[in-house]
Amino acid sequence: MNSDFHTLDATIKPLTLTSVSCSTSEWPDQQPHFLLLYSETAAALKHPMLQSLQVEPARFMYTCMMLSFSALPKRVRRNRAIPRSGYVSIDCGISSNTSYTDETTNIPYVSDEEFIDTGTDHTIASNYADSSPEKQLQTLRSFPNGSRNCYELTVTPEQKYLVRASFMYGSYDGLNGASPSNPLLFDLHLGVNVWTTVNITKASDVHRAEAIFVASAASASVCLVKTGSATPFISALELRPLKNAIYSYANATQNLVLFIRINLAPTGNNLLRYPFDRYDRIWQPNVDPVGWTSISTNLTVKNYGKDQFEAPSAVMQTAAVPVNSSTLEFYWDFVGSGAAVNEFYANLHFSELLPNTRRAFDVYLNGEKWYANYTPPYLMSDAIYSTTPLTPSLRYNWALNSTGLSTLPPILNAIEVYTRMFLKNTPTDSDDGTLGYFLVPFS
């Protein structure tokens, strides 16, 4: 089927959200990739009072991610203090035998002394420390010696985990050495597998890499690998156990890399994570794009008993809808994304937030109907997702089109996109840049 996708002749105004980068145990480095969301003008929509339907989810996915921000919103973290949680929260570079509890999330963080015996502790420059919203980013550990330096984390075999590494250069060495023309580049590995290439182009930027993996032994190593003249460093390292039933395609033979994870139309411009997300996933906000409006509820949005994703209620309580349109469209490009392979999995998260209404729409991918006549369930977290990689394309064009059964516009609460990570016997070098995305509204 030929695609009916087309763009609008409109003014493009990028949001404050600037970039995201993704990775996992074997994901080579990332390069700028673009995700554009916009609405297509259509006939004015009416708002009938009809009974809402419940439709089971269609498909699913997963992986890991790396974030890069010029202006960093406030964040929410999770709790390692509870012994049964299995959380490991490491503030790299703080003094030996010290710990503290994060004021925002009430999560205890510890020194990295017991996890690694190489490297040098540093504090970022005071002008960057003053602007940093997180204590974990104030210090770091650098590795001027050796080509490969590894943190060893204790894990439970066959348990599924989310692992996240954070980086803020902050001119800790006084050299102001990061710029687009002279980036700081080094690799991050999960075990022997390439996770990502860290690409620091600005001292104030915060970069994060997330991966989902299933432990194959009693320990897992996160390694910083020197690939050129830049000295590798790390600001924080976090390990979060996941329920083995979620992200089912992350398994013993496949790790996942997060491409993007977006909370659409939230009421604030904060990153959302623990305690709102029990797994401490980071949801990047997309606030008030031109041509879109938001709907919200204060009521709890619940998860199904066998929910594949367990998206948090705080994310699902808001949603984006197009203004004066019956179509909601967005896309991302493979070219320039830094993805190691053109194999994407997409999770589109939905929940109806308006009572006594009916909303129905078809979901198209590159002009072909991906899911027909979908109606989001009222105050239940649902998803349309893929169980296998999407058909490879240079651009992935999505369109949510209202059907004749509905006079309400389409709705979209959140988006996750993942890529598959290849597991290799030996690590490989790569020199791509940081993966980024831009949300670009159209007026």
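**Strands, sheets and a buried threonine**

The chain exposes about 16,700 Å², and carbon and sulfur atoms supply 50% of that area. The model is a predicted one.

Student: What makes up the secondary structure of the chain?

Tutor: Two helices and 28 strands.

Student: How many of the 443 residues are buried, as a percentage?

Tutor: Buried residues account for 60% of them. The cut-off for "buried" is under 20% relative accessible area.

Student: Why is Thr 318 called buried?

Tutor: Set the value against the cut-off. Thr 318 has a relative accessible area of 6%. Buried means under 20%. Thr 318 is therefore buried.

Student: Where does Thr 318 lie, and what is in contact with Thr 318?

Tutor: Thr 318 lies in strand E21, residues 318–322. Leave aside neighbours within four places in sequence. Thr 318 is then in contact with Asn 263, Leu 264, Ala 265, Pro 266, Thr 267, Ile 295, Ser 296, Leu 353 and Asn 413. Contact here means heavy atoms within 4.5 Å.

Student: What share of the contacts in the chain with a separation of 6 or more comes from residues 24 or more positions apart?

Tutor: That share is 83%.

Student: How do you know that strand E11 and E12 pair?

Tutor: Count bridges. Pairing needs at least two bridges between the strands. Strand E11, residues 184–190, and E12 have seven. They therefore pair, in the antiparallel sense. As for a bridge partner, Phe 186 has Val 198 in E12.

Student: Which sheet has E11 and E12 in its order?

Tutor: An open sheet of four strands, with the order E9-E14-E11-E12 and antiparallel pairing.

Student: Why are strand E9 and strand E12 said to stand at the edges?

Tutor: Strand E9 (148–154) and strand E12 (193–200) each have a single partner strand, so one side of each is left without a neighbour in the sheet. Neighbouring strands of this sheet are turned by 20° against each other on average, direction ignored.

Student: What is the strand order in the open sheet of three strands?

Tutor: The order is E7-E8-E15, and the pairing is antiparallel. Strand E7 (120–123) and strand E15 (233–234) are the edge strands. Each pairs on one side only.

Student: How do you know that strand E8 and E15 pair?

Tutor: Two bridges join strand E8, residues 139–142, to E15. The requirement is at least two, so the strands pair. They run antiparallel. The bridge partner of Ser 142 in E15 is Phe 233.

Student: What do strands of a sheet pair through?

Tutor: Backbone hydrogen bonds, either parallel or antiparallel.

Key
Residues numbered from 1 in each chain as written. Predicted model: local features only at pLDDT ≥ 70, side-chain atom pairs only at ≥ 80, totals over all residues. Heavy atoms only, no water. Buried < 20%, exposed > 50% of the residue type's maximum accessible area, 1.4 Å probe, protein only. Axes fitted to C-alpha atoms, helices over the stretch in contact; angles between N-to-C directions. Areas by Shrake-Rupley, 256 points an atom, 1.4 Å probe, with all protein chains shown as cover.
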